[in-house]
Amino acid sequence: MAVNRVPVLKRCRSLGLDPIYLGIDKKSNRQLKRANRKVSEYGLQLKEKQKAKFIYGVLEKPFHNYYLKADRMKGMTGENLMTILESRLDNVVFRLGLARTRKEARQIVGHKHVLVNGKQVKVPSYLVKAGDTIEIKEKCKSSQRYKDILEVTGGRLVPEWLDADQENLKGTVKELPNREAIDVPVNEMLIVELYSK
């Protein structure tokens with residue numbers, strides 16, 4: 001599997017992204033030393049795409065497939081793309097506060113700790129639907145890992161499209177999110193312009 005080994009804070013600096021969107025509390029004191037070059041229109045579009053891929057931890061090919069799927073759906077392609085990315089299982093586990101970061105959520109799903117509607121799902125890119133119940137397996141609930149996670153994520157706001165029960169390590173998808181409910185600093189229209197060339 002392809003792994004991006006660039007340090008997270010360095011990548012955040014280069015994309016002009018606050019690490020808090022990844023669930024990381026650290027701040028970088030260093031400033032990016034860059035000449036005041038004018039960035040082309042293509043450069044801006046590419047940066048937005050890289051930002052979305054980095055936040056959600058998606059590689060190029062699956063990201064392009066999500067774009068094609070969003071293009072076939074009714075409505076605005078950009079909003080559809082953000083809804084698809086937000087409804088990935090690893091992202092929903094992160095949003096429910098069952099993981100500190102999206103990378104950790106991906107690992108939790110990969111280690112078969114997550115049940116969707118009572119069935120074990122180990123694919124981080126599984127797309128949840130409205131009404132789905134996501135919970136941590138019974139035998140994993142008592143582990144120290146989840147006690148530590150809940151200490152960190154206890155004060156985190158859960159989006160209104162999700163219903164979280166952090167005591168029992170479970171949650172429900174009330175509805176799929178619309179663009180206003182997604183607090184990710186990505187201009188999806190630039191991504192659409194980039195792919196429609």
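Modeller: Before we start, a residue is called buried when its relative accessible area is under 20%. Please also keep in mind that this is a predicted model.

Biologist: Understood. Is Glu86 buried or exposed, then?

Modeller: Glu86 is buried, because its relative accessible area is 0%.

Biologist: Which helix holds Glu86?

Modeller: Glu86 belongs to helix α4.

Biologist: What does the side chain of Glu86 make a polar contact with?

Modeller: The partner is the side chain of Arg95, at 2.5 Å.

Biologist: And what else is Glu86 in contact with, leaving aside its neighbours within four places in sequence?

Modeller: Besides Arg95, Glu86 touches Tyr56, Asn91, Val92, Trp161, Pro177, Ile182 and Val184, with those sequence neighbours left aside.

Biologist: How many residues of α4 are buried?

Modeller: Nine of the ten are buried, so α4 is largely enclosed by the rest of the structure. The buried residues are Thr77, Gly78, Asn80, Leu81, Met82, Thr83, Ile84, Leu85 and Glu86.

Biologist: What do they pack against?

Modeller: The buried residues of α4 pack against α2, α3, α5 (89-95) and α9.

Biologist: Let us take α3 from that list. At what angle do α3 and α4 pack?

Modeller: Helix α3 (residues 60-72) and helix α4 (residues 77-86) pack at about 125°, and their axes are 8 Å apart. The two helices are therefore oblique to each other. Their crossing is right-handed.

Biologist: Which residues make that contact?

Modeller: From α3 there are Phe63, Tyr66, Tyr67, Lys69, Ala70 and Asp71, and from α4 there are Thr77, Asn80, Leu81, Ile84 and Leu85. Sorted by class, the contact of α3 with α4 has seven nonpolar, two polar and two charged residues.

Biologist: Changing topic: how do α6 and α8 pack?

Modeller: α6 and helix α8 (residues 144-153) pack at about 155°, with 14 Å between their axes. That angle makes α6 roughly antiparallel to α8. The crossing of α6 and α8 is left-handed.

Biologist: Which residues meet there?

Modeller: Glu104, Gln107 and Ile108 of α6 meet Arg145, Tyr146 and Ile149 of α8. The residues of this contact divide into three nonpolar, one polar and two charged.

Biologist: Is Glu104 buried or exposed?

Modeller: Glu104 is buried, with a relative accessible area of 11%. With neighbours within four places in sequence left aside, Glu104 is in contact with Ala99, Arg145 and Ile149.

Biologist: What about backbone angles? What is the phi of Lys112?

Modeller: Lys112 has a positive phi of about 65°, although it is not a glycine. Lys112 sits in the loop between α6 (102-110) and β1 (114-116). Lys112 is partly exposed, with a relative accessible area of 35%.

Biologist: And the phi of Asn117?

Modeller: Asn117 also is not a glycine and has a positive phi, of about 55°. Asn117 lies in the loop between β1 and β2 (119-120). Asn117 is partly exposed, and its relative accessible area is 43%.

Biologist: One last residue. Where is Gly171 found?

Modeller: Gly171 is in strand β5 (residues 170-173). Gly171 is buried, with a relative accessible area of 2%.

Biologist: Which residues is Gly171 in contact with, leaving aside its neighbours within four places in sequence?

Modeller: The contacts of Gly171, with those neighbours left aside, are Leu96, Asp132, Thr133, Ile134, Asp163, Ala164 and Asp165.

Biologist: How far apart are Gly171 and Arg11?

Modeller: Gly171 and Arg11 are 160 residues apart in sequence and 31 Å apart in space, taken from C-alpha to C-alpha.

Note on methods:
Residues numbered from 1 in each chain as written. Predicted model: local features only at pLDDT ≥ 70, side-chain atom pairs only at ≥ 80, totals over all residues. Heavy atoms only, no water. Axes fitted to C-alpha atoms, helices over the stretch in contact; angles between N-to-C directions. Helix = DSSP H or I, 4+ residues; strand = E, 2+ residues; numbered from the N terminus. Parallel < 35°, antiparallel > 145°, perpendicular 65-115°, else oblique. Left-handed = near helix turned anticlockwise from the far one by under 90°. Contact = heavy atoms within 4.5 Å. Nonpolar A, V, L, I, M, F, W, Y, C, P; charged D, E, K, R; others polar. Buried < 20%, exposed > 50% of the residue type's maximum accessible area, 1.4 Å probe, protein only. Polar contact = N/O pair within 3.5 Å; in protein donor to acceptor, adjacent residues only side chain to side chain.
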